[in-house]
Amino acid sequence: MNRRSVIIMCITTALGLPLLAAGAVGQQQSLKEQLVGTWAAVSWEQKKADGAKLQQFGANPTGIAFFDAGGRYIITVMRSDRARYASNALWQGTAEENKATADGTMTYFGTYSVGEADRSIAIHIEGSSFPNWNGADQKRFVAITGDQLTLTIRPPSGENVDVVWKRAR
């Protein structure tokens, strides 16, 4: 290989590298493409205004979130340490058992749209285990790193809630 060939190869390589980088950037998935799928709950934590942290669903919540490509979702989170009903019958829990179930479970479903600019999802809640949310529109901020999804709720009270999920396999 002569000197001229080496120089031509170096110039060709130098000019080609930016094209490869541009191609890699062009293949970046949209936020919606990254969000679509099934996610398993890892943690649910509310940061109170006084700095205290609340884990409404315990240290090890269980739950699942589905986001489909058509813009529909369902989210369910519950305490993993809920006690079994003494009666072993679905509709025959005591008042205390029913309260523990209601306090330790949150389920809601509906439609969503993605805000790529502010990395958020706007959700319309069609139905919820908390009836006050039925028909409501809310917003979640989205961070996805690898197989981890964090949905952040920023209510006017300032008591943010971070729900961390891992992609289900």
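Analyst: A polar atom of the side chain of S80 lies 2.6 Å from the backbone oxygen of N60, a polar contact in the sense of a pair of N or O atoms within 3.5 Å, where, within protein, one must be able to donate a hydrogen and the other to accept it, and where residues adjacent in sequence count only if both atoms are side-chain atoms. The model is a predicted one, in which local features need pLDDT of at least 70 and side-chain atom pairs count only at pLDDT 80 or more, whereas totals for chains, interfaces and linings use all residues. Residues are numbered from 1 along each chain as its sequence is written, and side-chain values use heavy atoms, with hydrogens and water left out.

S80 sits in the loop between β4 and α3, with helices (H or I, at least four residues) and strands (E, at least two) taken as DSSP runs and numbered from the N terminus. S80 and N60 are 20 residues apart in sequence, yet their C-alpha atoms are 6.4 Å apart in space. Beyond its neighbours within four places in sequence, S80 is in contact (heavy atoms within 4.5 Å) with F57, N60 and T62. With a relative accessible area of 47%, S80 is partly exposed, a class that lies between buried, under 20%, and exposed, over 50%, for a 1.4 Å probe and protein chains only.

S128, in strand β6 (residues 120-128), is buried at a relative accessible area of 16%. A polar atom of the S128 side chain lies 3.4 Å from the backbone oxygen of T107, and a polar atom of that side chain lies 3.0 Å from the backbone nitrogen of F130. Apart from neighbours within four places in sequence, S128 is in contact with M106, T107, Y108, W133 and N134. T152, for its part, belongs to strand β8 and counts as buried at 12% relative accessibility.

Turning to the nonpolar side, a nonpolar core is a set of buried Ala, Val, Leu, Ile, Met, Phe, Trp, Tyr and Cys residues joined through side-chain atoms within 4.5 Å. The largest one here has 25 residues, and F67, I75, L149 and W165 have the most contacts inside it. L149 touches, among others beyond four places in sequence, L35, W39, F67 and W165.

Of its 169 residues, 29% count as buried. Among contacts with a separation of 6 or more, 46% are accounted for by residues 24 or more positions apart.

Confidence, finally, should be read alongside these details. For pLDDT, the predictor's confidence in each residue from 0 to 100, the mean over the protein chain is 88, and 85% of its residues reach 70 or more. Over residues 19-23, however, pLDDT stays under 50, and the model has zero contacts there beyond four places in sequence.
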